[in-house]
Amino acid sequence: MSTATIQDSSRARRSRGGSAPRPPVGAAPLERSRRRMFWAFTAPAVLVYFVLFLVPVGYAAWTSLYKWDGIGPKKWKGLKNYQTLWQDPTFRHSLTNTLKILVVGGVLTFAFAFALMLILREMNRKLFARSVLFFPCLVNAMVFGIAAGILFSPTGPVDKILEALGWSHPPQWLATQHLSTMILGTLIWTATGYYSAILMAAVDQIPEYLYEAAELDGANAFQRFRHVTLPMCWDVISVCAVLWTVSSVKIFELILMYGGSSGSQPPAGSWNTAMYVYTEAFPTASTPQLGLATAAALVSLFMVIIFTVVLRRLLRRDPIEY
Amino acid sequence: MTPRRKARSLPMRIATGVVWVVVAADIVLVGWILLTSLRSGTDILNHPFGVPTHPKFSNYSKVFSDGGFGQAALNSVLVAVLSSVLAVAVAAPCAYALARRRNRVSGAMSMTFAMGLGVPGQVMVVPLFIGMAKVNLDDSQPGLILVYLGLAMPFTVYLLTGFFSGIPQVLEEAAVLDGAGAVRTFTRVILPVARGGLVTAFLLQFISAWNETLFAIVLTHSQDKVTLPVALSDFVQEAQLNGLDWGAMFAGVCVVLAPMIALFSWLGSRIIQGMTVGIGK
Amino acid sequence: MGSSTGRGPRLLAIATAAVLAVGVSACSSSKSSSASGGSGKSGGSFTYWSMWRQDEPQAKVIQAAITQFTADTGIKVDVQWTGRDVAKKIGPAMAAGKAPDMWDEGEDVVYGAAAQNGNAKDLSAVLDMTIPNDNEKVSDAIPSKYWDSLPKDPSGGQHWIVPYEASTAGIFYNTADPGVSAAMASQPATWDDFINVCQALKAKNEPCLASEGEDSWTNGLWFDYLLNAAGVNFNDLASDKTGAAWDNPAVLKAAQQVEQLVKGGYIIPTYTQTKYPAQQTNWAGGKAGFLMNGNWVTAEVAKQIPSTWKYGFMLPPGATQPDSMIFGFALTKNAKHVSQAEQFMAYFLQKKTLSGISTQADNITPRTDIPAPPELATVQKTLDAPKLRLTFDGVAGDWTTKVWNQNYLDFWHGQIDAATFISKMKSAQVSFWKSQS
């Protein structure tokens, strides 16, 4: 999970709103030199971003309107590729899986992350525990896919431990019908530590006097959580929701490794849209469908956009100043 | 941080116990992966929970020489370090300019960068493959570095803008009054102060480049060009006609995993801080 | 970067220069290698992407041949050991104009990724070439049945691959296993006989079959062979856009026979719960009687089997033709160094060179005068059949990933019964072909 590459636009929004501090009027020379240097400073990043990021996105949108095997000439299809996707049961299934990871995985991850955050705050040696639980999100998910092949085998460590604890018929972890669930579980496990660390950082910034005041007013633990903790880190929660949306849509290596261990593609029942894009564009033993692949990729982009807009609407609250 | 005076309730004690069990399980898992990498494939399949009585270091020599993990590890280091250094070098001046100059242009620019954060990688995979091939940079480290550089822009600019915004303006005002130009102010006054932020940005970019798999699989294929995730996935794919050696497989896993463990033990708090506080700002 | 943070622009300049330098050197090195190849003593050079990784035995055999070939002819071979991913890379590479002259893969991949769209060059010229030292024509050294079984490219040709490794699939077992020999006096002649063998093993608490439950390919071979026994062509079945072919009672019967294996409890009990190669390892350890797989399995388990092990091999009873999979060289549509690559193909088929596939890589070659490794002797005899049939009658590619894999695995795991399997395959196939049009 490359959690490090997702962000939200709250800062950008806020800064555009003009609420940011303007330089003092007296600093005119500073202002002038800044204006001059603005373009020189931003040009390299803007250029890199434009050529290596925005142009490819545009090219993807353009390619998605054609039928193209990459070799022959492009054939205009208009929006037909999107129609084809809709008719393809495999894509519909991939889309469902993506949504399942996004919604079910998201709700569970946040529930766990919140609980974990609350528990961690009360614990001794909480920094150590937080670090350990945080670590999995820094590991390439392929590692877990590979390790699971032994860990969860019928004679593997997990079943051995469960047996010792008296559970003689543990689930068939690695059976293909459980693949999606296992992938979801692994994902939640790696993400919980990360999101609880974010929440913890936010909660740590809540001034202690607010809790003390609430306590003096006779608020119990739940009321303190409901009326102090939750509102105070609402902003961060909404950022996390957006963060999760993007990162969950682009999961790839986890599925690739969990499902396919002997060289073949993972069974189609476990695909998400990222996997679908990959197999359409880089198939084994068939013609690449670049138009269809980019159309599928754009569908996942639309999904992120819709979710982001809706989530930000839903989670919008007046910022609390303190 | 928040010393609680009250005695802990029973549910809280149970919950704390559960968390410690999970923490312990995580540590055991990593330890188990490390130990398993020293055992033979057949042994692992027959006795998955065993301890290597005769550590099989040949697993490592096998992945390093035969599996090409040695070259792949070098490539991973090269690609991750260079792309991260470049990303920070390119993004820092831009982030600084965006943090200091607040008007419609910079606002729109920040917004455009931020929007990039919402684009899942699979959107760009086909175009970047075709584009890199057009300019002869497919299956090459410079090509991969460029791709990672582009992918890093939104996040790095966003993160660094936050850091630069947090630096008091008085510093520059003093420098300008002393007659320093904008470049000089930036390099001599701002960068030293923002060093922590730059290192954090580098670290986070390094981690995501180290683990990146989709673009690496698509863009590189020759054995002397691939990075570690590709080598690992190839190692699994090879199995179909020549058998899979789980021992060597786990050794390969450890080559991917170990640097992250080392980095995290060394700079863990900084990484956590960058990935949490930096996000929530 | 710590000490250089104070000098941003200089750092940036250095880094940029470094990247440019790396880029330039990468470009120039690739140019210089092809240029020096061009100035070689006689024949120039060609590029080759291999399906093998450098450490695999086949790669070692090919590498040795390349070295000798360059010494003999002066033709340089610019080889990249790409591995199995070459299947996914070759199409996009041809698209980008970056494809090599020559590549190799299984015939299903070469056809699916290139030949079916006319993106593989016709190699009929190679068949007429004389193999160096052996002084016989390629078409005399390699039986024509290997080409006759291949599907046709758009121009009607079948010569889009030059095979160097032949293989088949079937049921492998250890004749020295007392359980197996007690249950099976002679190889069963009918499917019911085979089920009886399984029953006898089951009665003794020994699982009849080992199976990697997650693998739709090896497990699908049962259905493939049973269809063949019933006289149904798998390819016709899969390419029927109406799906009506699935209503054939013979298809249902084949599915029911597969179901006998699943429902009869003859498969090793943990098969759905493991990952490759757990069950293959169990089989090699004597924990199950039979294993259905391609003949490369003998090389895969070579280090695991006891010294007393003696290979037995048979096709599922009733199957009339053995499966054939060939691995061979192909040329991409826009290959520039055709004659050099074709020379190498003929060169590699020399008896002494090609023998390495058998002696070092432990596999079978398409040349009948090269003996297979001892453990594959009976398998090679199967390949002596006058007519061969492609595995799954040549079905591969998208249909396999989108229609077949998941449904067959559900069936093989006992999630759905034979009738449900048939109806699911039928409807999935109909929507598949609709989305393809």
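Colleague: Leaving aside its neighbours within four places in sequence, which residues is A:Pro89 in contact with?

Modeller: Happy to start there. Two residues are in contact if their C-beta atoms, placed from the backbone, lie within 7 Å. By that rule, A:Pro89 is in contact with C:Ala428 and C:Ser431. One word on the source: this is a predicted model, where local features need pLDDT of at least 70 and side-chain atom pairs count only at pLDDT 80 or more, while totals for chains, interfaces and linings use all residues. Residues are numbered from 1 along each chain as its sequence is written, and chains are lettered from A and ligands numbered from 1 in the order in which they are written.

Colleague: Is A:Pro89 buried, exposed or partly exposed?

Modeller: A residue is buried if 20 or more other C-beta atoms lie within 10 Å of its own, exposed if 12 or fewer, and partly exposed in between, with C-beta atoms placed from the backbone. A:Pro89 has 17 such atoms within 10 Å, so A:Pro89 is partly exposed. A:Pro89 is found in helix α4 (residues 89-122) of chain A; helices (H or I, at least four residues) and strands (E, at least two) are DSSP runs, numbered from the N terminus.

Colleague: How many residues of chain A are in contact with chain C?

Modeller: Here 33 residues of chain A are in contact with 38 residues of chain C. On the chain A side, the elements that give two or more residues are α3 (80-87) and α4. By class, that side has 12 nonpolar, 19 polar and two charged residues. For the classes, Ala, Val, Leu, Ile, Met, Phe, Trp, Tyr, Cys and Pro count as nonpolar, Asp, Glu, Lys and Arg as charged, and the others, Gly among them, as polar.

Colleague: And how many residues of chain B are in contact with chain A?

Modeller: There, 97 residues of chain B are in contact with 94 residues of chain A. Helix α13 (residues 246-280) of chain B gives the largest share of the chain B side, 14 residues. That side has 64 nonpolar, 23 polar and 10 charged residues.

Colleague: Now a sheet: what is the strand order in the open sheet of four strands in chain C?

Modeller: Two strands pair if DSSP finds at least two bridges between them. The order is β8-β9-β7-β10, with mixed pairing. β8 (209-210) and β10 (311-314) of chain C stand at the edges, each with a single partner strand, so one side of each has no neighbour in the sheet. Strands β7 (residues 169-174) and β9 (residues 290-294) of chain C run antiparallel and are joined by five bridges. As an example, C:Tyr173 has C:Phe290 in β9(C) as its bridge partner.
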